[in-house]
Amino acid sequence: MKKNIYSKIDKKLITDMPQVLFPGKIVVISTVPEADRAVEILMRSDLLGLDTETKPVFKRGHTNKVGLLQVSTRELCFLFRLNIIGIPDSVATLLENKDIPLIGLSLHDDVLALRKRREFTPGNFVDLQKIVGKIGIEDLSLQKLYANLFHQKISKRQRLTNWEAKELTEKQQGYAATDAWACIMLYEEINRLNDTQDYNLIPSPEPKEEEVKEEVLAEEIKQ
């Protein structure tokens, strides 16, 4: 049976979906020697998922540097605490490698943030937002993409927590690892569906006039 996917998934469908969490091992990296060893392990992989987290700012005009870099295999995720160790040579080498695809979402923002900590030449980065259109999906957020393709919900409750805290909580670690790992899952599923054409694309209905007005108002408020 072919998989049903939507060109745009209704946010209401996501609410009742079961939550997904990274099922593998999470390792927090807080020293340069730990980072060096982690990179040795990661460089043996054929594919890596990547994401970053930054301590939120609630005062206009203030910004923080990226505090956490998550790099995941299918079974193991390393959380590099950049606010403590910066970007060591080994991590810079990983980010510049040309052989292993580094899969992420909205990578322009992640790379820009990382380069503010240390200049490097981006390696084999693959942005999911640039490939998902191959199977007709228009949504670009990680949560919507994962819900559409796997019918599971990625919780975003930890997004605005303190990523420079002395110790990261288990919930923070799980959230961070899930985002990086999910990029691998999405990349492989998008390519599988594109290769096999084993899916039915369900066009999204045109939004009602009231919904369009609500979206426009929301954007105005953000500005």
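Predicted model: local features only at pLDDT ≥ 70, side-chain atom pairs only at ≥ 80, totals over all residues.
Strand 1 covers residues 3-6. In a regular strand, side chains alternate between the two faces of the sheet. Accordingly, Lys3 and Ile5 form the covered face of strand 1, while Asn4 and Tyr6 form the uncovered one. Strand 1 runs parallel to strand 8 (residues 199-202), and 4 bridges join the two. Within this pairing, Lys3 has Tyr199 of strand 8 as its bridge partner.

Lys3 also belongs to a network of salt bridges that links it with Glu189, Arg192 and Asp198. Side chains of opposite charge can pair when their charged atoms come close.

The model holds 9 salt bridges. Another of them joins the side chains of Arg74 and Glu188, at 2.6 Å from N to O. Arg74 lies in the loop between strand 4 (66-72) and strand 5 (76-81), and Glu188 lies in helix 7 (residues 170-196), so this pair ties together parts that are 114 residues apart in sequence. Arg74 is partly exposed, with a relative accessible area of 28%, and Glu188 is partly exposed at 31%.

Lys156 sits in the loop between helix 6 (142-150) and helix 7, whereas Asp179 is in helix 7, 23 residues apart. Lys156 is partly exposed, with a relative accessible area of 29%, but Asp179 is buried, at 2% relative accessibility.

Key:
Residues numbered from 1 in each chain as written. Heavy atoms only, no water. Buried < 20%, exposed > 50% of the residue type's maximum accessible area, 1.4 Å probe, protein only. Pairing = 2+ DSSP bridges. Salt bridge = Lys/Arg side-chain N within 4 Å of Asp/Glu carboxyl O.
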